[in-house]
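Please keep the model in view while I talk.

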2 protein chains.
Amino acid sequence: MTDSITFISESESAALVDEDLALAAAREAFLATATGSTFPVVIGHAAVPDNRFTLKSGSADDLVGVKIGSYWPGNTEVPRHSSTIVLLDPATGRLAAVVEAATANAYRTAAADALAVDTLARPDSRTLTVIGTGHQARYEVGAVTRVRPIERVLVVGRSPDTARAFATEVTARTGLPAEPAEARTAVAAADVVVTATTARQPLFDADWVAPGTHISAMGADGPGKQELPVALYDRASLFCDLPDQSRTIGEFQHAPSAAPVALGAVLAGDAGGRGSAEAITVFDSSGFALQDLALATALLRRRTHRQEGHE
Amino acid sequence: MTDSITFISESESAALVDEDLALAAAREAFLATATGSTFPVVIGHAAVPDNRFTLKSGSADDLVGVKIGSYWPGNTEVPRHSSTIVLLDPATGRLAAVVEAATANAYRTAAADALAVDTLARPDSRTLTVIGTGHQARYEVGAVTRVRPIERVLVVGRSPDTARAFATEVTARTGLPAEPAEARTAVAAADVVVTATTARQPLFDADWVAPGTHISAMGADGPGKQELPVALYDRASLFCDLPDQSRTIGEFQHAPSAAPVALGAVLAGDAGGRGSAEAITVFDSSGFALQDLALATALLRRRTHRQEGHE
């Protein structure tokens with residue numbers, strides 16, 4: 001027993017994380033879904049009921065722990081979201097490390113969608129359409145543009161102004177041409193669509209989607225949430241992170257008869273991915289604890305590596 | 001945002017905790033049950049399925065957080081149980097403190113039973129019978145003897161040897177006469193009975209219990225666990241920590257029609273306690289997160305107090 005704790009603060013994890021770390025951690029987490037376990041998600045609240053937290057826990061061979069995510073909508077001085085990952089020692093069950101990871105969490109969520117793009121989208125995908133112009137959407141663009149030779153970004157927002165501002169920011173950050181667009185045009189032109197909204201109804205019509213498109217949807221993570229049109233599923237190959245969870249709180253809650261394939265099974269070679277260049281592939285991300293545990297482990301590893309002077 | 005964390009290690013919390021702190025924290029937690037919230041308990045496991053953890057979360061006016069309890073039965077170099085309490089800042093949702101509290105957890109659990117004794121047992125209770133001779137039972141005796149003028153302790157164990165050894169230890173620690181006894185004799189002679197076992201069937205017969213007895217049962221905290229005879233409930237006043245939970249995983253899972261009163265309601269003056277000197281009172285403890293959050297807060301407070309030189 002020691003009197004110190006292995007701890008990575010929010011500012012430190014924000015400085016350690018990048019797309020490559022998050023993508024590698026996502027790959028590790030998705031591969032671990034085949035043999036790992038995830039446990040029921042707790043949705044709790046503070047005395048002020050609008051202030052909410054979630055507990056996501058899981059385990060795999062060398063991972064066991066909990067992610068505590070919080071959302072305090074009234075925060076003004078500090079971010080509304082925070083994330084604390086608690087790792088236990090798989091050998092003893094004792095506290096191993098605590099990692100604050102609010103910024104890293106945005107990379108982690110984007111990395112899952114990018115991993116799906118990397119696994120399922122056509123190799124020659126050049127047009128990325130992002131629906132949503134919020135905080136998370138920025139990270140989605142950053143992650144996806146690293147795994148495909150994206151040449152332009154179309155931005156669909158609820159208002160032209162926010163979409164334009166977002167497009168300007170994308171160009172500034174990635175050097176890629178980016179422009180606001182109507183949903184119909186942008187979806188039809190896309191090789192890859194990423195949705196990152198809090199929508200509770202479909203963001204586009206199924207028949208706007210061209211053959212060969214890949215769609216990664218990250219917004220649906222609770223009852224009633226929905227970004228995709230159910231009619232699309234008849235002519236698409238369906239994938240997700242955790243099938244049971246996706247049918248409970250993800251996109252496929254709206255299509256209970258859908259049988260999405262776990263992305264981890266595709267990565268492991270146990271299931272097929274894209275069948276042809278004309279196939280439409282859909283990936284639904286609802287999030288799971290192994291992503292957080294793998295992320296925290298990767299952050300710890302990188303810190304150790306840097307402290308040892310390797311970078 | 002800071003780069004440090006408010007952290008109390010296992011060795012530090014073990015040095016800070018005592019019966020008084022735990023009892024005061026228990027009182028605070030039980031009072032908070034009236035307005036506070038507790039959320040579904042998660043039972044998870046590591047890759048080795050025997051290695052288990054539980055997540056208990058809750059909130060009250062000035063408390064919000066999670067207790068991660070772990071049980072790694074194969075541990076030999078370190079204790080099999082560990083406990084980590086994560087407090088969030090009620091104002092922002094951000095990580096506020098991490099407290100390791102395995103030893104303190106034993107005080108916390110005993111304090112709940114002692115609080116029930118203090119609230120429900122006859123003031124002149126002099127004979128304490130403890131059923132169970134494990135690690136937790138020691139803390140139960142330590143806590144109960146502080147709230148009533150106990151003059152002797154009767155010890156019921158599965159073997160005469162362990163009961164005798166436990167009795168010797170009780171005398172060494174408390175100065176009270178203590179002796180092993182048969183369950184029937186010991187229950188009949190008791191003013192207060194504390195059960196601290198992992199039993200899955202009643203430890204004694206209902207008709208062995210004399211009028212005026214108080215019973216605190218801490219063992220039942222999961223499906224199938226049971227320490228008390230259901231027949232007792234017809235002639236006893238029933239209390240517990242959380243009625244819904246007690247009927248799900250506590251003693252009252254075996255008596256679904258029982259309507260135990262929350263001890264917090266008695267403490268708050270919203271419900272009656274012991275009705276007469278002849279009444280039999282039963283308290284079932286299944287454990288709840290507010291106990292852990294209040295305990296962690298009390299440990300932090302005491303540390304600050306000591307650092308400021310007040311003790």
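In this predicted model, domain 1 of chain A and domain 2 of chain A bury about 1900 Å² between them, with 62% of it on carbon and sulfur atoms; buried area here is the accessible area, taken with a 1.4 Å probe, that two parts lose on being put together, summed over both. On the side of domain 1 of chain A, the residues that lose the most area to domain 2 of chain A are E19(A), F30(A) and Q291(A), together 32% of what that side buries.

As for the bounds, which come from an automatic or database domain assignment, domain 1 of chain A covers 7-105 + 290-307 and domain 2 covers 108-288. The contact, meaning heavy atoms within 4.5 Å, takes 21 residues from domain 1 of chain A and 23 residues from domain 2 of chain A.

Turning to charges, the rule finds four salt bridges across this interface, each requiring a side-chain nitrogen of Lys or Arg within 4 Å of a carboxyl oxygen of Asp or Glu. Separately, the side chains of D118(A) and R27(A) meet in a salt bridge at 3.1 Å, N to O.

A word on conventions: this being a prediction, local features need pLDDT of at least 70 and side-chain atom pairs count only at pLDDT 80 or more, whereas totals for chains, interfaces and linings use all residues. Residues are numbered from 1 along each chain as its sequence is written, chains are lettered from A and ligands numbered from 1 in the order in which they are written, and side-chain values use heavy atoms, with hydrogens and water left out.
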